[in-house]
Amino acid sequence: MSTDPVLRGPLPDRFRALWDEIAPIGRDATTGGYLRYAFTEPEVALRDWFRRQAERRDMPVTDDGNGNLFARWGPADAGDAVLTGSHFDSVPHGGAYDGPLGIVSAFLAVDELRDAGVTPPRPLVVAAFAEEEGARFGVPCLGSRLLTGTMDPQRATGLRDADGVSLAEALGDRPVGARPDLLAGFSSFVELHVEQGRALVDRDAPVAVATAIWPHGRWRLDFHGEGNHAGTTLMTDRRDPMLTCAFTVLAANKEARTRGAHATVGRVRVAPNATNAIPTTVTGWLDARAADQETLAGLVEAVRAKAGERARRDGTRVTCTEESVTPLVAFDDGLGARLATLLDAPVLPTGAGHDAGVLAGRLPTAMLFVRNPTGVSHSPAEAATDADCAAGVTALARVLTELTSR
């Protein structure tokens, strides 16, 4: 390993060299954002890169059957392994750092430990989880949900993308489902992630420890109306589902603001989707998040009620279907406190979902955030400096040393 030029030199340079290997993969030349959907060509290329990185470090790779990859440093039959890593997939035209930063940093943290002559008493495993964003099949953290048994395998394999391809087809029609045998071999999980916000800029700190993930979920709103001609239908005669949808979007925004919560309708599908036609149906997806479960439930119920009231006035119909809900995830208090003390780092909550939130129901789990100077995420403007990324690697290496030695 020491003769590999990518693995030598100052840590920020080594980070940049490794980062540049994946930076072009799946990048849209027009927007600068990434199109790395689960099990599509760009994400498969990144999974191949993962295997090559593991091979360079003599870390055997296994697939849990759900599309999640695991590279292991340490004896195959040894238990109490410490798990780290993140995901490769992106939202449409998303940023570079969300997900891949945690995987690149994990491999570099392994290098740091080896360069320091550390041989962890416990095995160390680097993970690449599948379909964390839910951008292809609609359910976020799908790989980790399947692994932990919090997602029904039959429902999962029946999920279809926008082109009608099922998850079963994308995975090659192999069995999927919970792997308690695999989870039993892990003692803890730490996920490093780019900050999604800019609190660390104000605190002048490159790294933070997460305390909790807000409860959050996705709901599909189906608005049904009467298709008709845009030029000949009197305004008083219209049963336009787009109006009901538009009102609902505004209502969600208002209800979220009054509750100190977050509500977003960032995806809409219209049929027949013609400029000169009143829509027959409009489907919108509501993303809602709040600091506690009661506030989240109240927000969604208020949006549902206002949509229904408006639909009656518009002569349309609306149905609201829950697609996924994740309750409040409080990371292991003892573990979080240990890491905050170890790193002398601030602690932050987050409104974003992560595989760590799913794993927290099965393992002591923690998260580290690396400073994002723009505060922007799920966008090409998402950023982190090489120096801060190197600080994140150093912090992760310290955490992994701590966890693998106890």
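Helix α9 (residues 241-259) and helix α10 (residues 293-314) have axes that come within 9 Å and cross at roughly 150°. Axes here are lines fitted to C-alpha atoms, for helices over the stretch in contact, and angles run from 0 to 180 degrees between N-to-C directions. Helices (H or I, at least four residues) and strands (E, at least two) are DSSP runs, numbered from the N terminus. The model is predicted: local features need pLDDT of at least 70 and side-chain atom pairs count only at pLDDT 80 or more, while totals for chains, interfaces and linings use all residues. Residues are numbered from 1 along each chain as its sequence is written, and side-chain values use heavy atoms, with hydrogens and water left out.

α9 and α10 are therefore roughly antiparallel to each other. Angles under 35 degrees count as roughly parallel, over 145 as roughly antiparallel, 65 to 115 as roughly perpendicular and the rest as oblique. Among the residues that meet are Phe247 and Ala251 in α9 and Leu299 and Val303 in α10; contact means heavy atoms within 4.5 Å.

The contact includes Phe15 and Trp19 of α1 and Leu101 and Leu108 of α3.

| Helix pair | Axis distance | Crossing angle |
|---|---|---|
| α9 and α10 | within 9 Å | roughly 150° |
| α1 and α3 | within 11 Å | roughly 140° |

The residues of the α9 and α10 contact divide into ten nonpolar, four polar and five charged. For α1 with α3 the division is nine nonpolar, no polar and four charged. In this count Ala, Val, Leu, Ile, Met, Phe, Trp, Tyr, Cys and Pro are nonpolar, Asp, Glu, Lys and Arg are charged, and the others, Gly among them, are polar.

The largest nonpolar core has 55 residues, and Phe50, Tyr97, Leu101, Phe107 and Leu368 have the most contacts inside it. Such a core is a set of buried Ala, Val, Leu, Ile, Met, Phe, Trp, Tyr and Cys residues joined through side-chain atoms within 4.5 Å. Apart from this core lies another, of 24 residues, including Phe189 and Phe331.

Val125 is found in strand β4 (residues 124-129). Val125 is buried, with a relative accessible area of 2%; buried means under 20%, exposed over 50%, and partly exposed in between (1.4 Å probe, protein chains only). Not counting residues up to four places away in sequence, Val125 touches Phe70, Ala71, Arg72, Ala81, Val82, Leu83, Thr84 and Phe186.
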